[in-house]
Amino acid sequence: MESDQLVDSLALERAANELFGMPIEVDAIVAQRLDCGQNAQATFFLSKKRQLYCYIEGPAHLTLGDIKKMATRMGVRVEMFVPPRGRPMYFDDVARRKFVAIYPGRRDIQPDDLRYYRTLAPYCPALLIINEVKDDMIYCADHDARTGWRPAVKLAYRRILTS
């Protein structure tokens, strides 16, 4: 069991560095491979700096909107959706391309115009920096439950910003 977690923590560190450009040292895996959607699984882990992250992998057709919905239903408040490595404006670039494809005549594009189109950006795998676990409980998808979600892990976490 511990060797599995060691391999998974090394894989998470490698994926975070290679795919997202974030050199993270995994301290502990809090929840491993929780179902969070159609064939999607989430792994929650703490870094050495005591920051909570969520790594979601699944089918290649997941979008930022899907990931946002999953995070809300899992009971976490996200501080940041980490864009792919080397593309800090990834979500805005995709949103702008999709907006211009639909409205080719518009020249004065405002950030509010792009809000919806940002959610259409392909985003799989996904790395989320977690700000807070609401109600001290992380939920996972369960099709037999009445709401479709059931408690998976009890975790009290809230990031306190320091200056």
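Residues are numbered from 1 along each chain as its sequence is written, and side-chain values use heavy atoms, with hydrogens and water left out. Because the model is predicted, local features need pLDDT of at least 70 and side-chain atom pairs pLDDT 80 or more, while totals for chains, interfaces and linings use all residues.

Taking a disulfide as a pair of cysteine sulfur atoms within 2.5 Å, the count is zero. For Cys124, the closest cysteine sulfur belongs to Cys36 and sits 9.4 Å away, so a bond is out of reach. Cys140 is buried at 3% relative accessible area, whereas Cys124 is partly exposed at 26% (buried is under 20%, exposed over 50%, partly exposed in between, with a 1.4 Å probe and protein chains only).

Helices here are DSSP runs of H or I with at least four residues, strands runs of E with at least two, both numbered from the N terminus. Helix α2 (residues 64-74) buries Leu64, Ile67, Met70, Ala71 and Met74. These share one side of α2, because they span an arc of only 120° around the axis, taken from the directions from the helix axis to the C-beta atoms. Gly75 follows α2 with a positive phi near 85°.

As for the backbone, the Cys124 to Pro125 peptide bond is cis, with omega near 0°; Pro125 lies in the loop between α4 (111-118) and β5 (126-133). Arg33, in strand β1 (residues 26-37), has a positive phi near 50° despite not being glycine.
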